[in-house]
Amino acid sequence: MRIDVALVPSEARRWTNTVCVVLDELRASSTIVTLLERGAGAVIPAASLAEARRLAHAEGALLAGEHHVVRAPGFDFGNSPAEIAAADLAGRSVVLSTRNGTSVLRGLPAAAPVRVGCLLNAAAVAGTALSMARGSGADIGIVCAGRRGAFAIDDAIAAGCILERLFAAAGVD
């Protein structure tokens, strides 16, 4: 099994037979983890605000997302984990649109097993990715969403933390 890190999303396009862990530490990943922790039954990523509105209408879901770092007009939530931290989502589906992370999630091949990772769930996502990869004979790829396709230090730091947890879970020093 190989473990690879794509410090920008374009580096992940060549992967096949890979369990992907997508990171957008400052916002999308942390928001998704918080939404699920608050009881959301599903989080549906959208690549744009228009797509988010369409999906939410079709699914009867709540809307979360931002436009230029503020809550998008007509959305139930922004994309801040702090804003969502007190919400009781009780099994509701939430459609989330962010500038970077949800676009990367939507851009991965449909057949690729995907997990969302961040510092909040580093150990859990590392253990799950390792178990999935071992069970299917796949590799593991960590995809940093970055900022508009470019490198972002916060995602690289989260990738390092998840790598450390992967190595620990695999018994590698």
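Biologist: Which hand does the crossing of helix 5 and helix 6 have?

Modeller: A crossing is called left-handed if the near helix is turned anticlockwise from the far one by less than a right angle, and right-handed if clockwise; in this predicted model, the crossing of helix 5 and helix 6 is right-handed. Helices (H or I, at least four residues) and strands (E, at least two) are DSSP runs, numbered from the N terminus. Residues are numbered from 1 along each chain as its sequence is written, local features need pLDDT of at least 70, side-chain atom pairs count only at pLDDT 80 or more, and totals for chains, interfaces and linings use all residues. Side-chain values use heavy atoms, with hydrogens and water left out.

Biologist: At what angle do helix 5 and helix 6 pack?

Modeller: Axes are lines fitted to C-alpha atoms, for helices over the stretch in contact, and angles run from 0 to 180 degrees between N-to-C directions. Helix 5 (residues 122-136) and helix 6 (residues 153-170) pack at about 55 degrees, their axes being 8 Å apart. Helix 5 is therefore oblique to helix 6 (under 35 degrees is roughly parallel, over 145 roughly antiparallel, 65 to 115 roughly perpendicular and the rest oblique).

Biologist: Which residues make the contact?

Modeller: Contact means heavy atoms within 4.5 Å; among the residues involved are Leu130 and Arg134 of helix 5, and Ile162 and Arg165 of helix 6.

Biologist: What is the order of strands in the open sheet?

Modeller: Two strands pair if DSSP finds at least two bridges between them, and the four strands here have the order 3-6-4-5, with mixed pairing. Strand 3 (42-46) and strand 5 (70-71) are the edge strands, each pairing on one side only.
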